[in-house]
Amino acid sequence: MSDRVLGVVGVLLAGFYIWQATLIETSFITDPVGAKTFPIIVGIVLAIASVAIFFLPDSDPHWPAVSRLFEIGLSVAVMIAYTYALPEAGFVIATIFASAFLAWRLGATPLESIIAGFCISVGIYAIFHLILGLSLAKGPFGF
Amino acid sequence: MDTLFALADGFAVALTWQNLLLALIGCFLGTIIGALPGLGPSNGVAILIPLAFSLGLGATPALILLTSVYYGAMYGGRISSILLNIPGDEPAVMTTLDGYPMAKNGQAGEALALSGIASFVGSFVATIGLAFLAPQLVKLALLFGPAEYFALYVLAFATLGGIASANQGKAAFAAALGLGIAMVGVDGQTGVPRFSFGNVHLYDGINFLVAIVGLFALSEVFIFLEHRNEETDGNPDSKVKIGRMLPSWAMLKGCFGAISRSTVIGFLAGVLPGAGASLGSFMAYGLEKKISDKDKTFGKGDPRGVAAPEAGNNAAAGGALVPMLALGVPGSGTTAVLLAMLMALNITPGPLLFTKNPDVVWGLIAALIIANVMLLALNIPMVGIFVRILMIPTKYLMPAVAMISFVGIYGISGSTFDLMVMILFGVLGWVLRKLDVPLVPVIMGVLLGNAMEVNLRRAMTISNGDWSTLVASPLSISIWTLAVAGFVLPIIAGKYLRRAKPTVPEVAETEAD
């Protein structure tokens, strides 16, 4: 079933891709092939592969339970929030929260995860910023 | 003789204190990365590229650091295979078959040392092979025109699909997806934006480093989030006794044949475009079992069953560098990642690399030989340290991996947009892995897409738009034939490989108990 869905999504994606490729504006300087042809070929390959997957599907993968899917979704949301928090809160503070959350969801107790978050954040800051001189996001307190 | 002189120059480049130190750090880090379950050569190197890049290392030092990590990871994968029965990375799967039973018999130390020696022989011979074979391939490659290069890229994708994946449709799907992603951004030849939907961030295209770190490293974090509590955290339940640290002379002598055969097979498997180290160790173990398993001792802790796959996968790692350096076509997932690093440093691999930047090529090859010796020296006496590092539970390791990925990508551009794209690729990588769509063709598509298109358009410009130019020379016809054969043959004849591969872990369990 999953592979059939993948096949349908692939065909739709290929259709969208080829449609977008035909909309590429051509400039006045151009070569015999032009900017459209190769993307269209790629789209056609994508479509053929998707059709093949649709008609010859593998057995279904083992999908996690809905609650676990929700957790993965939540982790993605935390990562997105993290990227926006980086320039506002600075690397150290944002990273403490993000890595503590991930450690917690990976099975650490709340206290363990806070300690882990602190160690990971300060550790990365010390190694990559203080020793190796990599520039990290600066927050209101300068770290 | 030229090769020897060039190699001597290479040693002159590599033997600076800075480069030696980098090689040592790389070997050490690489062994750790390879040993930790969930981190393998490709995602380990992927995380480190942006870091090496943003630290402002020069081309040769950066390349030395990262290839040392690559070789180190190949060594490290065996440690958790032998001690925990959990392969540290994919090529180390075959090592669990006899390595873990050996550890259970109280021969863990001998198994580790033996596999270390086998790894050394495999990669040492392969590196020498690389030094001699790559220049020959370069001579051939100088005959290649744009049409031949276009065919060569098709060959790489076709064979990658045939060998790396169980389902040709999915391999082709992955390749097309990667190529499609590579098309995003301003077209280099006519200057028109493509697939950028008016978004300024997309005009530069999608940075392949962002795609690689997302697909390889971040998706691994999601896999671990999904499987929390399902497996042990990498802690050995029962303390496996390490035992004596050096194999007996008789054991080494008994493994000599296995190591030499596996080295040759591994090297050849590595040189094939798209095959890589997993196939090398798989074939080496399979053949050794056919030749030597007269008393049915394989799978019960036969030393030859440890030596063969380790020699095979390390030889394949060296072999995979041949097409990557000489043609610019990577032979495996990790070499695709190394190719990404070269491109990030503005070095284009291929025949011209050997004439334009001989210091890079030969410095690298010399560094590989040095790294190899270092790894042997590190791995035999210091294996206890790596065993202790293995105890880091994944609940602390994976958050650190995720955060270092963010640091690396942020270090390149400092842009929130790139981080968002990385997260997107992380989710995409997770979904594709669930659906058994291979990730390596996606990466290769993203990396090679533009070069592939440029060569197609160059060939067509030369021929004034005549498509038959793609099959006009005997060389290109033979490459096309190989490509078609490489894609079609596995569908017909590859059922053996396909059936044998997934059953490997089950065999390991039933025979170990």
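Author: Happy to. Over all chains, the structure holds twelve salt bridges. This is a predicted model, in which local features need pLDDT of at least 70, side-chain atom pairs count only at pLDDT 80 or more, and totals for chains, interfaces and linings use all residues. Residues are numbered from 1 along each chain as its sequence is written, chains are lettered from A and ligands numbered from 1 in the order in which they are written, and side-chain values use heavy atoms, with hydrogens and water left out.

Reader: What makes Lys170(B) and Asp58(A) a salt bridge?

Author: The term asks for a side-chain nitrogen of Lys or Arg within 4 Å of a carboxyl oxygen of Asp or Glu. Here the N to O value is 3.0 Å, so the pair qualifies under that cut-off. The pair crosses between chains, from helix H8 (residues 168–182) of chain B to the loop between H2 and H3 of chain A; helices are DSSP runs of H or I with at least four residues, strands are runs of E with at least two, and both are numbered from the N terminus.

Reader: How do you know which parts the salt bridge of Arg194(B) and Glu453(B) ties together?

Author: Their closest N and O atoms are 2.8 Å apart. Arg194(B) lies in strand E2 (residues 193–194) and Glu453(B) in helix H20 (residues 440–462) of chain B, so the pair ties together parts that are 259 residues apart in sequence. Arg194(B), at 1%, is buried, and Glu453(B), at 3%, is buried too. Salt bridges with shared partners join Asp187(B), Arg194(B), Glu453(B) and Arg457(B) into one network.

Reader: What makes the contact between Asn372(B) and Tyr75(B) a polar one?

Author: A polar contact is a pair of N or O atoms within 3.5 Å; within protein, one must be able to donate a hydrogen and the other to accept it, and residues adjacent in sequence count only if both atoms are side-chain atoms. The side chains of Asn372(B) and Tyr75(B) are joined at 2.8 Å, so the distance meets the cut-off. Asn372(B) sits in helix H16 (residues 358–379) of chain B and, at 0% relative accessible area, is buried.

Reader: How do you know how much area is buried between chain A and chain B?

Author: Buried area is the accessible area (1.4 Å probe) that two parts lose on being put together, summed over both. For chain A and chain B that is about 5600 Å², with carbon and sulfur atoms giving 78%. In chain A, Phe38(A), Met79(A) and Leu106(A) lose the most area to chain B, together 13% of what that side buries. As for contact (heavy atoms within 4.5 Å), 68 residues of chain A touch 62 residues of chain B.

Reader: Which residues have the most contacts inside the largest nonpolar core, and why is it called a core?

Author: The name applies because a nonpolar core is a set of buried Ala, Val, Leu, Ile, Met, Phe, Trp, Tyr and Cys residues joined through side-chain atoms within 4.5 Å. The largest has 202 residues, and Phe91(A), Tyr70(B), Ile79(B), Phe173(B) and Leu218(B) have the most contacts inside it. Helix H9 (residues 208–226) of chain B gives the most to this core, 15 residues.

Definitions and conventions: Buried means under 20% relative accessible area, exposed over 50%, partly exposed in between (1.4 Å probe, protein chains only).
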